[in-house]
Amino acid sequence: MIEVLLVDDHEMVRLGVSAYLSIQEDIEVVAEAEDGTIGVEKALALRPDVILMDLVMEEMDGITATKEILAQWPSAKILIVTSFIDDEKVYPAIEAGASGYLLKTSAAHEIADAIRAAYRGEKVLEAEVSEKLKNTLSTRTFHLHDELTTREREVLQLIAEGKSNQEIADELFITLKTVKTHVSNILSKLEVEDRTQAAIYALKHGYAK
């Protein structure tokens, strides 16, 4: 079972999401929290597989809670699920280290699929959010990608398309170990911390099809 912690200050949202996830054979909501402060406490105490994190809450917002959790538990998988898609909300959430960013308008099955993807270590960015990120970053100028090799650019494009390391290996006919080496080199050359930030970079520079 994929154990999930649900952090949201709206009780009806928690009830709705919990009700849907309760009928999934592979997902279990093990705890809920009505604000970021309690969310941090429960996340660190329970260490669930995936955390669903609201963005705007009174006691502690989702970005701050995400940073606090990851500061003490770097491998935590946190999905931001919110109604907000403003520029000042999306990028800071991803930059904070969230595993993905979904809108509450997403279908219930999309949230369940996102949980499974995050559990597998994949990054989740809804199409509308990806487009917003490209607009958000339109004023930023980067030249770091000039250092990438042709193969690394191919790998970066596939990262931007949401492919896992194994899928990249299969598509490019290279070993999984080689893919991991390329990913490590890409993160280093682009001066980013994870695949999500690399994907954001790639989207901004037109690597995604």
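Start by selecting Arg-116 and Asp-113: in this predicted model, their side chains meet in a salt bridge, 3.0 Å from N to O. Both residues sit in helix α5 (residues 108-119), three residues apart, about one turn of the helix. Now show the surface. Is Arg-116 buried or exposed? Arg-116 has a relative accessible area of 18%, so it counts as buried, the cut-off being under 20%. Asp-113, its partner in the salt bridge, is partly exposed at 42%.

**More charged pairs**

Side chains of opposite charge can pair when their charged atoms come close. The structure holds nine salt bridges, so let's visit some others.

Select Arg-120 and Glu-122. The closest N and O atoms of this salt bridge are 2.9 Å apart. Arg-120 is exposed, with a relative accessible area of 53%, while Glu-122 is partly exposed at 22%.

Next, jump to helix α7 (residues 150-160) and pick out Glu-154 and Arg-151, which lie three residues apart there, about one turn of the helix. What joins Glu-154 to Arg-151? A salt bridge does, with the closest N and O atoms at 2.8 Å. Both ends are partly exposed: Glu-154 has 34% relative accessibility and Arg-151 has 30%.

**Asp-54 and its surroundings**

Now select Asp-8, Asp-54 and Lys-104 together. These three are linked in a network of salt bridges. Keep Asp-54 highlighted and look at where it lies: in the loop between β3 and α3 (62-72). With a relative accessible area of 4%, Asp-54 is buried.

What does Asp-54 touch, leaving aside its neighbours within four places in sequence? Show its contacts and you'll find Val-7, Asp-8, Asp-9, His-10, Gly-62, Val-81, Thr-82 and Lys-104. There is also a note from the database: an unreviewed UniProt entry carries the annotation "modified residue: 4-aspartylphosphate" at Asp-54.

**The sheet**

Switch to a cartoon view and colour the strands. Six of them form an open sheet, in the order β2-β1-β3-β4-β5-β6, with parallel pairing. Which strands are at the edges? They are β2 (27-33) and β6 (124-125), each of which pairs on one side only.

Zoom in on β1 and strand β3 (residues 50-53), which pair in the parallel sense over four bridges. Select Val-7 here, and you'll see Met-53 of β3 standing opposite.

While you're in helix α2, click on Ile-38, which lies in it. Ile-38 is partly exposed, at 22% relative accessibility.

**Over to β5**

Move along the sheet and select strand β5 (residues 100-103). Are its faces covered or open? Both are covered: Gly-100 and Leu-102 on one side, and Tyr-101 and Leu-103 on the other, are all buried.

Now bring in the strands beside it. Four bridges join strand β4 (residues 78-82) to β5, and the two run parallel. Then turn to β6, which pairs with β5 in the parallel sense over two bridges. Here, Tyr-101 has Leu-125 of β6 as its bridge partner.

**Last stop: confidence**

Finally, colour the chain by pLDDT. The mean is 85, and 86% of the residues reach 70 or more. Which element has the highest mean pLDDT, and which the lowest? Strand β1 (residues 2-7) is highest at 97, whereas helix α6 (residues 127-136) is lowest at 58.

Then select residues 137-142. Here pLDDT stays under 50, and the model has eight contacts for this stretch beyond four places in sequence. Where pLDDT is low, the predicted coordinates should not be read in detail.

Conventions. Residues are numbered from 1 along each chain as its sequence is written. This is a predicted model: local features need pLDDT of at least 70, side-chain atom pairs count only at pLDDT 80 or more; totals for chains, interfaces and linings use all residues. Side-chain values use heavy atoms; hydrogens and water are left out. pLDDT is the predictor's confidence in each residue, from 0 to 100. Contact means heavy atoms within 4.5 Å. Two strands pair if DSSP finds at least two bridges between them. UniProt positions are given in the numbering used here, feature names are shortened, and annotations may be inferred rather than shown by experiment. Buried means under 20% relative accessible area, exposed over 50%, partly exposed in between (1.4 Å probe, protein chains only). A salt bridge is a side-chain nitrogen of Lys or Arg within 4 Å of a carboxyl oxygen of Asp or Glu.
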